[in-house]
Amino acid sequence: MSKTWIYIIIMAGVTYLIRVLPLTLIRKPIENRFIKSFLYYVPYVTLAAMTFPAIVEATTAPVAGIAALIIGVILAWRNTSMVMVASICCFVVLAVEFVLV
């Protein structure tokens, strides 16, 4: 068996254990406020950790991505619709790249 298959089997085993161990070890509902709030925010943090670097690196000039990120956060904070935020961010990237490149 090649090393690649060994790596895939180990990865599958670790992934399986990560998903099964909490189901088998934690029988009672979690009552600790700190742990509950930590688990509540894990999906948001994971999504942010994957999305924010991609926003900056997906553009030709990282400055364009940073500008669009800042504008998008400001617009989202002001309860602008998601379609408008995405459209304006795309326009910001195009405008900044047009000026810089």
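This dialogue explains how to read several features of a predicted model.

Visitor: Which residues make the nonpolar surface patch, and what is its area?

Guide: The patch covers about 1,100 Å². Its members are Tyr 16, Leu 17, Leu 21, Leu 25, Ile 26, Ile 30, Phe 34, Ile 35, Phe 38, Leu 39 and Val 42. Two elements give two or more residues to this patch, namely helix H1 (3–25) and helix H2 (33–57). The largest share, 5 residues, comes from H2.

Visitor: Is Phe 38 buried or exposed, and why?

Guide: A residue is called exposed when its relative accessible area is over 50%. Phe 38, which is found in helix H2, has 52% relative accessibility and therefore counts as exposed.

Visitor: How many aromatic pairs does the structure hold?

Guide: There are 3 aromatic pairs in the structure. One of them joins Tyr 40 and Tyr 41. Their ring centres are 4.9 Å apart, with 90 degrees between the planes, and the pair is edge-to-face. Another aromatic pair, formed by Tyr 40 and Tyr 44, is tilted, at 5.9 Å centre to centre and 55 degrees between the planes.

Visitor: Where do Tyr 40 and Tyr 44 lie, and how many residues apart are they?

Guide: Both are in helix H2, 4 residues apart, which is about one turn of the helix. Ring pairs link Tyr 40, Tyr 41 and Tyr 44 into a cluster.

Visitor: Why is Tyr 41 described as partly exposed?

Guide: The term applies between two limits, under 20% for buried and over 50% for exposed. Tyr 41 has a relative accessible area of 48%, so Tyr 41 is partly exposed.

Visitor: What is the volume of the largest pocket, and which residues are closest to its centre?

Guide: Rolling a probe the size of a water molecule over the atoms shows where empty space is left. In this model, the largest pocket holds about 410 Å³ of space. It is lined by 19 residues, and those closest to the centre are Thr 51, Phe 52, Ile 55, Leu 69 and Val 73. At least two lining residues are supplied by each of H2, helix H3 (62–77) and helix H4 (82–100).

Visitor: What is the phi of Asn 79, and where is this residue found?

Guide: Most residues other than glycine have a negative phi. Asn 79 has a positive phi, near 60 degrees, although the residue is not glycine. Asn 79 is found in the loop between H3 and H4, and its relative accessible area of 71% means that Asn 79 is exposed. Arg 78 lies in the loop between H3 and H4 and, at 66% relative accessibility, also counts as exposed.

Visitor: How many residues lie between Arg 78 and Thr 15 in sequence, and what separates them in space?

Guide: Two distances should be read side by side, one along the chain and one in space. Arg 78 and Thr 15 are 63 residues apart in sequence and 39 Å apart in space, C-alpha to C-alpha. For Lys 28 and Ala 76, the separation is 48 residues along the chain and 38 Å between C-alpha atoms. Lys 28 is found in the loop between H1 and H2 and counts as exposed at 68% relative accessibility.

Visitor: Where does Tyr 7 lie, and how far is it from Pro 62?

Guide: Tyr 7 lies in helix H1 and, with 54% relative accessibility, counts as exposed. Tyr 7 and Pro 62 are 55 residues apart in sequence, and their C-alpha atoms are 35 Å apart in space.

Notes:
Residues are numbered from 1 along each chain as its sequence is written. This is a predicted model: local features need pLDDT of at least 70, side-chain atom pairs count only at pLDDT 80 or more; totals for chains, interfaces and linings use all residues. Side-chain values use heavy atoms; hydrogens and water are left out. Patches are made of residues with over 30% relative accessible area and no salt bridge: like charges are joined within 9 Å, nonpolar side chains (Val, Leu, Ile, Met, Phe, Trp, Tyr) within 5 Å. Accessible areas come from the Shrake-Rupley method with a 1.4 Å probe; for residues, only the protein chains shown count as cover. A salt bridge is a side-chain nitrogen of Lys or Arg within 4 Å of a carboxyl oxygen of Asp or Glu. Buried means under 20% relative accessible area, exposed over 50%, partly exposed in between (1.4 Å probe, protein chains only). Rings of Phe, Tyr and Trp (its six-membered ring) pair if their centres lie within 6.5 Å; planes under 30 degrees apart count as stacked, over 60 as edge-to-face and the rest as tilted. On a 1 Å grid over the protein atoms alone, a cavity is a set of points where a 1.4 Å probe fits but cannot get out, and a pocket is an open set with protein on both sides within 12 Å along at least five of seven lines; lining residues have an atom within 4 Å of a point. Grid points are joined across faces, edges and corners, and a volume is the space filled by probe spheres set on the points.
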